[in-house]
Amino acid sequence: MGFSLTTITSPQVMGILNVTPDSFSDGGVNLTYDNAVESALRMIEQGAHIIDIGGESTRPGAQAVSESEELDRVIPVIEAIRARSDVPISLDTSKTQVMREGLVAGASMINDVNALRADGAIAVVAEYQVPVCLMHMQGQPRTMQQNPTYVDVVADVKAFLQERLQACVNGGINSAEVALDPGFGFGKSVAHNYTLLNATPELLALGQPVLIGISRKSMLGAVTDKPVEQRLASSVAAATIAANFGAHLIRVHDVDETVDALKVVAATKNYQ
Ligand SMILES: Nc1nc2[nH]c(S[C@@H](C(=O)O)c3ccccc3)nc2c(=O)[nH]1
């Protein structure tokens, strides 16, 4: 709690904590939560500034997860982490009720791949006055990668994010606490993704905090020809590029390595 985007002066590492059953090898439920808490504490130890908890895999083609199933996954983990650490917790969800219960359970921020488009979502974030990340997605996870098409991907993404930002401001959310995110891999071709990465300065020019999430994504596999478990170097490269542009939040699986890479970025900027 008490987390704000307005105090960010250097790229912050957001450690990914997936609490979807397919993200754990074991079948045991309680082991899952112990695993999740241990994983969160390890990422904090490694230097993560925020832990991003998600209960619904937004894998293209993934089956939708019910609200009760998502709640059963994330609420106990938020409570368990909150009982052991004051680390800012970002809740990665698009469901209004999951947002509300997650904030009651101790989440510090909402991360919504659907940019608060669900009924009542803006009102919940406004009520709790917490930071929020609005992400661009073309279409929905089930079909978004079938044939992503844009007139001008950068202009389209910026226009969407500015429209969602305005909706949030109209709904009583403090604009200074709204981060914008181009949504790598969410309805984009490889070319669209790298064009958007190059356009990070343009997104930053909108004056809002910017969140970048490229870690282990297919845009990295496309250029390295490596499977998801062998994308550490390319993920760190992408994080370095984004941080060097000036992104505020970098969402990653590999916290230890990314923290070191961002120290090199910071050191380089120190001697500008
Ligand atoms: N703000 C923000 N939230 C996010 N949540 C995710 S889920 C994604 C992943 O690869 O982690 C993913 C996509 C498809 C399947 C599984 C996992 N990606 C982002 C992002 O890029 N930005």
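Colleague: How many strands form the open sheet, and in what order?
Modeller: In this predicted model, 8 strands form an open sheet in the order 6-5-4-3-2-1-8-7, with parallel pairing. Strands here are DSSP runs of E, at least two residues, and helices are runs of H or I, at least four residues, both numbered from the N terminus. Two strands pair if DSSP finds at least two bridges between them.

Colleague: Which are the edge strands?
Modeller: Strand 6 (178-181) and strand 7 (211-212); each pairs on one side only.

Colleague: And how do strand 3 and strand 4 pair?
Modeller: Residues 89-92 and 109-112 run parallel, over 3 bridges. Asp92 stands opposite Asn111 in strand 4.

Colleague: Switching topic: where is Ala242, and is it buried or exposed?
Modeller: Ala242 is in helix 9 (residues 232-245). Ala242 is buried, at 0% relative accessible area; buried means under 20%, exposed over 50%, and partly exposed in between, using a 1.4 Å probe and protein chains only.

Colleague: What does Ala242 touch?
Modeller: Leaving out residues up to four places away in sequence, Ala242 touches Ile212, Ala247 and Ile250. Contact means heavy atoms within 4.5 Å.

Colleague: Which residues are buried in helix 2?
Modeller: Among them are Glu70, Arg73, Val74 and Arg82.

Definitions and conventions. Residues numbered from 1 in each chain as written. Predicted model: local features only at pLDDT ≥ 70, side-chain atom pairs only at ≥ 80, totals over all residues. Heavy atoms only, no water.
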